[in-house]
Amino acid sequence: MTKKDDKKDKAGDFSCSECQTRNCYRHDSRFPKFCLTENNQEIADETRGLYAGEGLDAKVARAAAELEAEYYGRLTRLEETVVFAVKLGAKKMGVASCLSFLDESAIYAKAARSAGLEVMTVGCKVGSMDKTEIGLPESHKFCPGEMEACCNPILQAKVLNDWDSDVNVSMGLCVGHDYLFTKHSKAPAVTLAVKDRVLGHNPMAAIYNSKLFYSRVLDFKKYPKSRLVGKK
Ligand code: SF4
């Protein structure tokens, strides 16, 4: 077992989510045995360097921290993303939007433009590529046999890269597509909205209701079955 594996093993089922002291914040308690601060001093030192100077990581970290200091609890997340962009010195804002969020993205663009930003929204079906073109069978479509475009988060990022956006905002992208968009986005990408088709795009409702109405979320065996069972 390497030193790294050993550290992972120690964290095991105990990590920050199980910590009762949260001493990393104010040093007003004690660090638990499995503490990820205590066990990662070397890596922490490496990150310290990234926050120094004028590199992009440093600029983003400072803009985010200033936002918190100046407006804590006073701005909606929508407003925070706009102020964040302004603080970064952005002129051009890209919006990577889910097709079903395009009307909301139009309202968001209006808000961002009011701060003097230029805005370009790229919908997730951009490129109009049929799902079969990325290797999915017809059975995976909602209307098999018909043209049904797949989401194209890589193209969303590339169109915005081409336009030279200074900051990108993701609006309702699917789980997984959000990763691909962020990975391929050249500009810093932040999230305004995440998609939750069941809970009105508020995934935290599953956590807040996990003691009663959504107790199933705590037991993978109780998740609804795939609608494609027997059809693949
Ligand atoms: S870093 Fe350490 S003290 Fe902070 S929450 Fe994680 S385990 Fe607790």
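Predicted model: local features only at pLDDT ≥ 70, side-chain atom pairs only at ≥ 80, totals over all residues.

Reader: How many helices and strands does the secondary structure of the chain come to?

Author: Helices (H or I, at least four residues) and strands (E, at least two) are DSSP runs, numbered from the N terminus. In this chain there are 9 helices and 4 strands, and reading along the sequence gives the pattern α-α-α-α-α-β-α-β-α-β-α-β-α. The C-alpha trace spans about 60 × 50 × 40 Å along its principal axes.

Reader: What should the residues of helix H4 span, and how far apart are its end C-alpha atoms?

Author: The expected span of a helix is 1.5 Å times one less than its number of residues. For H4 (residues 56–71), with 16 residues, that should give 22 Å, and the end C-alpha atoms are 22 Å apart, which agrees. Just after H4 comes Gly73, which takes a positive phi of about 75 degrees.

Reader: Into which domains is the chain divided?

Author: Domain bounds come from an automatic or database domain assignment, and here that assignment gives domain 1 (40–74) and domain 2 (82–195). Their centres, taken over C-alpha atoms, are separated by 26 Å. Two residues are in contact if their C-beta atoms, placed from the backbone, lie within 7 Å, and the contact between the domains takes 8 residues from domain 1 and 5 residues from domain 2. For the next step, Ala, Val, Leu, Ile, Met, Phe, Trp, Tyr, Cys and Pro count as nonpolar, Asp, Glu, Lys and Arg as charged, and the others, Gly among them, as polar. The side of domain 1 that touches domain 2 has 6 nonpolar residues, no polar ones and 2 charged ones.

Reader: Which residues have the most contacts inside the largest nonpolar core?

Author: In soluble globular proteins, nonpolar side chains tend to be buried together. A residue is buried if 20 or more other C-beta atoms lie within 10 Å of its own, exposed if 12 or fewer, and partly exposed in between, with C-beta atoms placed from the backbone. A nonpolar core is a set of buried Ala, Val, Leu, Ile, Met, Phe, Trp, Tyr and Cys residues joined through C-beta atoms within 7 Å. The largest one here has 30 residues, and those with the most contacts inside it are Ala85, Met93, Val95, Ala96 and Met171. The elements giving two or more residues to this core are helix H5 (77–88), strand S1 (92–97), helix H6 (102–113), S2, H7, strand S3 (167–173) and strand S4 (189–194). Over the whole chain of 232 residues, buried residues make up 21%.

Reader: Which residues of H7 are buried?

Author: They are Pro153, Leu155, Gln156, Ala157 and Leu160, and what covers them includes S1, S2, S3 and helix H8 (177–184). Leaving aside residues up to four places away in sequence, Ala96 touches several residues, among them Pro153, Gln156, Ala157 and Leu160. Just after H7, Asp164 takes a positive phi of about 65 degrees.

Reader: Which residues surround the ligand?

Author: A residue is near a molecule if its C-beta atom, placed from the backbone, lies within 6 Å of it. Here the ligand is surrounded by Cys16, Cys19, Thr21, Arg22, Asn23, Cys24, Phe31, Pro32, Cys35, Leu36 and Thr37, a shell that divides into 7 nonpolar, 3 polar and 1 charged. Arg22 lies in the loop between helix H1 (3–11) and helix H2 (23–26), and its phi is near 50 degrees, a positive value in a residue other than glycine.

Reader: Does Arg22 count as buried or exposed?

Author: Arg22 counts as exposed, because it has 12 C-beta neighbours inside 10 Å.

Reader: Where is Phe142 found?

Author: Phe142 is in the loop between strand S2 (118–123) and helix H7 (153–162), and Phe142 is exposed, with 8 other C-beta atoms within 10 Å. Glu148 has its place in the loop between S2 and H7, and Glu148 counts as partly exposed, with 16 C-beta neighbours inside 10 Å. Among the residues that Glu148 touches, not counting those up to four places away in sequence, are Lys141, Phe142 and Cys143.

Conventions. Residues numbered from 1 in each chain as written.
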